[in-house]
Amino acid sequence: MISRLPIEHGREVVLHFTIKLADESVADSTKMSNKPAKFRMGDGSLTENFESCLVGLKAGDAREFELAPEDAFGMPNKDNYYQVETQKFAERPEEGQIFTFPQPDGTELPGIVRSINEQFVTIDFNHPLAGQRVRFAVEIIEVNP
């Protein structure tokens with residue numbers, strides 16, 4: 001039997017989501033991999049406003065809501081732009097190209113090439129959807145204590 005607990009702070013939520021941009025294109029969807037997302041409300045993985053849209057929903061519910069950039073992936077931060085010497089790239093990069101950069105903890109951080117000149121390549125480490133209004137479609141699969 002499916003639990004009918006409502007989503008609230010501290011509960012584990014399993015859901016499918018689809019992120020749509022203003023032009024209706026799909027930026028991301030857990031349905032593509034058929035692997036739903038799992039998180040605990042209040043764990044910091046989602047913004048407060050995103051979580052508030054989910055409060056009260058139960059397993060089997062489906063909703064769609066629109067979020068302003070500040071409530072979704074934030075606004076671009078100029079401090080997340082870095083210049084890397086052009087000569088450090090094996091081949092000349094192209095604007096819009098995405099590279100991953102190894103971090104001290106062993107993870108990889110993706111960055112988007114924003115501009116190139118003879119000396120430097122400007123890399124943007126903001127989230128690719130930063131600054132964009134997005135629509136989230138969610139289908140709640142499980143809500144657990």
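**Entry 1: K78**

I began with K78, which counts as exposed because its relative accessibility is 68%. My cut-offs are these: buried means under 20% relative accessible area, exposed means over 50%, and partly exposed lies in between, using a 1.4 Å probe and protein chains only. I found K78 in the loop between β4 and β5 (81–85). Helices (H or I, at least four residues) and strands (E, at least two) are DSSP runs, numbered from the N terminus. I also looked up a distance: K78 and G42 are 36 residues apart in sequence, and their C-alpha atoms are 28 Å apart in space.

**Entry 2: notes on the model**

I wrote down that this is a predicted model, where local features need pLDDT of at least 70 and side-chain atom pairs count only at pLDDT 80 or more, while totals for chains, interfaces and linings use all residues. Residues are numbered from 1 along each chain as its sequence is written, and side-chain values use heavy atoms, with hydrogens and water left out.

**Entry 3: N126**

Is N126 buried or exposed? I noted N126 as buried, because its relative accessible area is 6%. N126 sits in the loop between β8 (120–124) and β9. Leaving out residues up to four places away in sequence, I listed its contacts (heavy atoms within 4.5 Å): N126 touches M75, P76, N77, N80 and Y81.

Next I looked at polar contacts. Such a contact is a pair of N or O atoms within 3.5 Å; within protein, one must be able to donate a hydrogen and the other to accept it, and residues adjacent in sequence count only if both atoms are side-chain atoms. The side chain of N126 reaches the backbone nitrogen of N77 at 2.8 Å. With the side chain of N80, the N126 side chain makes a polar contact at 3.0 Å.

**Entry 4: D61**

I moved on to D61, in the loop between α1 (48–54) and β4 (62–67). D61 counts as buried because its relative accessible area is 18%. Which residues does D61 touch, not counting those up to four places away in sequence? I wrote down R4, V138, E139 and I140. Along the sequence D61 and I140 are 79 residues apart, yet from C-alpha to C-alpha I read 5.5 Å in space. A polar atom of the D61 side chain lies 2.7 Å from the backbone nitrogen of K58.

**Entry 5: V113**

V113 belongs to strand β7 (residues 108–116). I marked V113 as buried, because its relative accessibility is 1%. Setting aside residues up to four places away in sequence, V113 touches P93, E94, E95, G96, Q97, F99, V121, T122 and I123. For P93 I also noted the spacing: V113 and P93 are 20 residues apart in sequence and 7.5 Å apart in space, C-alpha to C-alpha.

**Entry 6: two positive phi values**

I looked up E24 in the loop between β1 and β2. Its phi is near 75°, a positive value in a residue other than glycine. E24 is partly exposed, because its relative accessibility is 44%.

N34 is in the loop between β2 and β3. Phi of N34 is near 55°, again a positive value in a residue other than glycine. I put N34 down as exposed, because its relative accessible area is 57%.

**Entry 7: the largest pocket**

A pocket is an open set of points on a 1 Å grid over the protein atoms alone, where a 1.4 Å probe fits, with protein on both sides within 12 Å along at least five of seven lines; lining residues have an atom within 4 Å of a point. Which residues lie nearest the centre of the largest pocket? Of its 20 lining residues, I noted F17, I19, L46, F73 and F136. Two or more lining residues come from each of β1 (12–20), β2 (26–29), β3 (37–40) and β9 (134–144).

**Entry 8: the record**

Last, I checked an annotation: the unreviewed UniProt entry gives "domain: PPIase FKBP-type" for residues 10–74. UniProt positions are in the numbering used here, feature names are shortened, and annotations may be inferred rather than shown by experiment. Over residues 10–74 I read 11% helix and 35% strand, with the end C-alpha atoms 23 Å apart.
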